[in-house]
Every structure is written in C-alpha cells, then in structure tokens.
Amino acid sequence: MKKPALLTRLPLPKFPTPTFEAEPTPKVRAARARFVATPFWIGVGCTTVLLSILAWGSEYYQLPIAERPLHPKHAALRSSGTIGLSLAIFGTSLMLLNLTYLLRKMVPALHRFGSLRGWMSFHIMTGLVGPAMVVLHTGFLPTSALGTISLTGMLVVVTTGVVGRYIYSRVPRSLAGRELEIDEVKMRLGQYHQALAKFGVDTGKITNLEIAPPNRSLVGAVVALVRGDRALAKQWLYYRDAVLASPQTRSHAREVLPLLRKVVKEGQWLARYHELRSLMGSWRFLHRWLAILMLLLAGFHIYIAVRYGDLWVLP
C-alpha cells in the first residue's frame with residue numbers, strides 16, 4: 001500500500017503554534033487550572049486515607065467473616081463500626097456529589113462555576129473514590145443480600161463509567177470541554193493544515209479523510225473505534241518519523257509535532273464520527289439508567305440499615 005506524501009519543498013519560516021478558540025485571560029486560565037487540579041488533589045488525599053485504613057486493618061480484612069467479631073479492630077472496621085460506617089457516609093456523599101456534573105451540563109447559568117472539563121475531573125474523582133470507600137465499608141465481604149446487590153450494581157456503574165471515559169476522550173472537544181460538531185472539526189483540521197503548510201508539511205491526505213457511514217451495530221461501532229485507534233497509532237508514528245527524518249522539518253519539530261498529532265488524531269475522530277456519536281449516545285443511556293438503579297438500591301439499603309440496624313451515629 002502506497003504511503004501518503006508528507007513533505008514538500010516549501011520554505012520553513014518560524015510559525016507559532018496557533019490556537020483556534022478565543023484565548024482566555026490569565027485570570028480565567030488560572031482559575032480553570034485550579035478547578036481541574038483540585039479534584040485530583042482531593043482524590044490523592046482520599047486515596048491516601050483509604051490506603052492507610054487498608055494497611056492498618058489488613059489482618060482484619062484477611063479473616064473469614066466468622067472470625068472477624070473476635071478481632072480487636074472489629075468494633076471500628078465492621079460495616080456499622082466507627083470507621084466502617086464513616087466510610088459509607090463519606091462514600092455515599094461523594095456519589096451524590098457525582099451527580100452535580102449532570103446539573104452543570106443542564107443548567108447554563110452554572111458555567112460561571114467552572115468549565116465542563118473541570119467538572120468532568122470532579123465527576124471522575126467522585127465516581128472512583130466514592131465507590132472505593134463503599135467497598136472498604138463492606139470489608140470486602142457484604143453480609144446481606146441487599147448489600148451484595150447494591151455493591152454489584154455500583155461496580156457495574158463504575159465499569160461503565162471507565163468505558164465511557166475511554167469513549168469520551170476520543171470525541172473532539174473545545175478548550176472548555178464542549179463537544180464539537182462535525183463542521184467545527186473540519187474547520188479546525190483546515191486551520192491545522194494551513195499552519196503546517198508553512199513548515200513545508202503537506203497533510204492534505206489526512207484532512208481529506210472520508211467519514212465512515214453510520215454503523216447500526218453497537219458491537220460493530222466498538223470494533224470500528226478500536227480499529228481507528230490502531231490506525232491512529234500507526235499513522236502518527238509514520239508521520240512523526242517522517243518529520244524527524246527530514247532536515248527541513250527536524251529543526252521545527254517542537255512546533256510541527258504537536259500540530260501534526262492534532263491533525264492525525266482529529267482526522268481519525270472525523271473518520272469515525274458516526275461511531276463515536278452512536279457510542280456516546282448508547283453509553284449515556286445505559287450509564288444513566290444503571291446509575292439511577294444503583295442509587296435506588298443504595299437508598300433502600302440505607303433505609304433498612306437506619307430502620308433496623310444498630311448504628312452508632314443514631315440516637
């Protein structure tokens with residue numbers, strides 16, 4: 001198969017890496033950076049606490065369920081104990097806060113409180129740390145049928161969330177995290193092409209990719225997405241090596257390679273546009289209703305625990 005041409009003999013003037021959205025002010029940019037970084041550091045802090053509890057109670061967690069009541073740490077680590085129940089309360093609170101991402105998407109007035117990218121970081125943090133606290137609350141051995149069902153549902157929701165994050169990362173987005181339409185992606189590819197042409201890099205065959213027709217099969221869309229990822233990796237390696245091998249473009253690699261990576265990546269996004277939109281739509285539907293079912297089960301589990309359990313937080 002003949003590989004596309006990449007390099008031309010055009011002059012190579014220094015050309016700054018362009019941005020294709022209105023550049024935010026330094027103050028706004030700093031606020032966005034803090035909003036994205038804050039969930040990360042909160043997650044690091046919570047994870048450190050969880051690992052500390054896990055290390056402190058490692059002997060207890062390794063015991064069979066019948067022997068745990070005899071262990072001196074049972075009063076603290078059992079699901080209704082001081083630590084076990086605290087983990088359940090904080091974990092459930094984080095999972096409820098996880099839903100604020102949906103409010104941010106549905107209520108335009110909330111845009112002043114941060115970009116979608118930052119809220120997505122918070123959504124991911126709470127969606128991982130909250131369930132981890134709940135798992136530790138159960139001591140890895142839920143003792144009731146309802147608790148087992150609730151835990152299983154929660155793990156299924158977390159799994160679908162991880163899959164959704166994989167799909168989400170492949171959908172073209174603006175600097176603020178908004179999903180781009182197909183015409184916007186085409187416009188950005190054209191702008192990248194013009195910028196790279198000033199370095200003597202011809203990306204015409206990348207930007208002129210044909211958009212694959214819609215795939216009616218969900219499995220087929222997943223397979224197409226995986227194949228697109230493999231094609232993207234091969235294409236990127238080929239063009240990167242071509243840039244580094246040419247004396248014309250090697251000296252400008254710092255400017256050329258980031259732009260070229262965007263061209264290759266967004267070109268593949270464009271070619272798989274229908275698959276991505278189909279997968280995102282199906283995933284949102286599945287993830288949303290699984291999350292609602294999980295919250296209903298968790299709510300019923302909490303009701304039973306409060307109504308019939310001996311909880312130290314209640315009078």
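The largest cavity has a volume of about 50 Å³. The model is predicted, so that local features need pLDDT of at least 70 and side-chain atom pairs count only at pLDDT 80 or more, while totals for chains, interfaces and linings use all residues. Residues are numbered from 1 along each chain as its sequence is written, and side-chain values use heavy atoms, with hydrogens and water left out.

## Exercise 1

State which residues line the largest cavity and which elements give two or more of them.

**Solution.** 
- Step 1. A cavity is a set of points on a 1 Å grid over the protein atoms alone where a 1.4 Å probe fits but cannot get out; lining residues have an atom within 4 Å of a point. Points are joined across faces, edges and corners, and a volume is the space filled by probe spheres set on them.
- Step 2. The structure holds one cavity of 30 Å³ or more.
- Step 3. Its lining consists of Val 171, Pro 172, Glu 179, Leu 180, Val 185, Trp 269, Leu 270, Tyr 273, Leu 276 and Arg 277.
- Step 4. Helix H12 (253–271) and helix H13 (273–308) each give two or more residues; helices are DSSP runs (H or I, at least four residues) numbered from the N terminus. The largest share, three residues, comes from H13.
- Step 5. By class, the lining has eight nonpolar, no polar and two charged residues. Here Ala, Val, Leu, Ile, Met, Phe, Trp, Tyr, Cys and Pro count as nonpolar, Asp, Glu, Lys and Arg as charged, and the others, Gly among them, as polar.

## Exercise 2

**Solution.** 
- Step 1. A nonpolar core joins buried Ala, Val, Leu, Ile, Met, Phe, Trp, Tyr and Cys residues through side-chain atoms within 4.5 Å. Buried means under 20% relative accessible area, exposed over 50%, and partly exposed in between (1.4 Å probe, protein chains only).
- Step 2. Among the 22 residues of the largest core, Leu 189, Leu 196, Val 201, Val 256 and Leu 260 touch the most other members.
- Step 3. At least two residues each come from helix H8 (182–197), helix H10 (218–245) and H12.
- Step 4. A second, separate core of 14 residues includes Ile 167, Ala 221, Leu 225 and Leu 276.

## Exercise 3

Determine whether Glu 275 is buried or exposed.

**Solution.** 
- Step 1. Glu 275 belongs to helix H13.
- Step 2. Its relative accessible area is 3%, so Glu 275 is buried.

Note on methods. On a 1 Å grid over the protein atoms alone, a cavity is a set of points where a 1.4 Å probe fits but cannot get out, and a pocket is an open set with protein on both sides within 12 Å along at least five of seven lines; lining residues have an atom within 4 Å of a point.
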